[in-house]
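Please examine the sequence and the structure shown below before reading on.

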Amino acid sequence: MRIYTCAFCGRPIPPGTGIMYVKADGTVLRFCSRKCFVSAIKYNRDPRKLAWVRKEAKSAKAQK
């Protein structure tokens, strides 16, 4: 099984979970949670400016 990473926060997505979003141009974006999905698609937020994303990315990097 392949483990994908979240397109917003960079956290690993276990198989069978997450949200897959396909844009009109065919680009596939995978998100670990609804929180990441809404932040990226609905609000067009920059993940580098959010403290909770930096915290998650730091913990994901430490797990590897």
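With which residue does R48 form a salt bridge? In this predicted model, the partner of R48 is D46, and the closest N and O atoms of the pair are 3.3 Å apart. In general, side chains of opposite charge can pair when their charged atoms come close. The count of salt bridges in the model comes to 1.

The two partners can also be described by their accessibility. R48 is exposed, because its relative accessible area is 65%, above the cut-off of 50%. D46 has 26% relative accessibility and therefore counts as partly exposed.

A second topic is the pairing of two strands. Strand β3 covers residues 19-22 and pairs with β4 in the antiparallel sense, over 4 bridges. Strand β4 comprises residues 28-31. The bridge partner of Y21 in β4 is L29. Together, β3 and β4 form a hairpin with 5 residues between them. In the turn of this hairpin, G26 has a positive phi of about 95°.

The surface also carries a nonpolar patch, formed by M20, V22 and V28, whose accessible area together is about 270 Å². V22 lies in strand β3, whereas V28 lies in strand β4. Leaving aside residues up to four places away in sequence, V22 touches T27 and V28.

| Residue | Relative accessibility | Class |
|---|---|---|
| V22 | 46% | partly exposed |
| V28 | 42% | partly exposed |

How values were computed
Residues are numbered from 1 along each chain as its sequence is written. This is a predicted model: local features need pLDDT of at least 70, side-chain atom pairs count only at pLDDT 80 or more; totals for chains, interfaces and linings use all residues. Side-chain values use heavy atoms; hydrogens and water are left out. Patches are made of residues with over 30% relative accessible area and no salt bridge: like charges are joined within 9 Å, nonpolar side chains (Val, Leu, Ile, Met, Phe, Trp, Tyr) within 5 Å. Accessible areas come from the Shrake-Rupley method with a 1.4 Å probe; for residues, only the protein chains shown count as cover. A salt bridge is a side-chain nitrogen of Lys or Arg within 4 Å of a carboxyl oxygen of Asp or Glu. Buried means under 20% relative accessible area, exposed over 50%, partly exposed in between (1.4 Å probe, protein chains only). Two strands pair if DSSP finds at least two bridges between them. Contact means heavy atoms within 4.5 Å.
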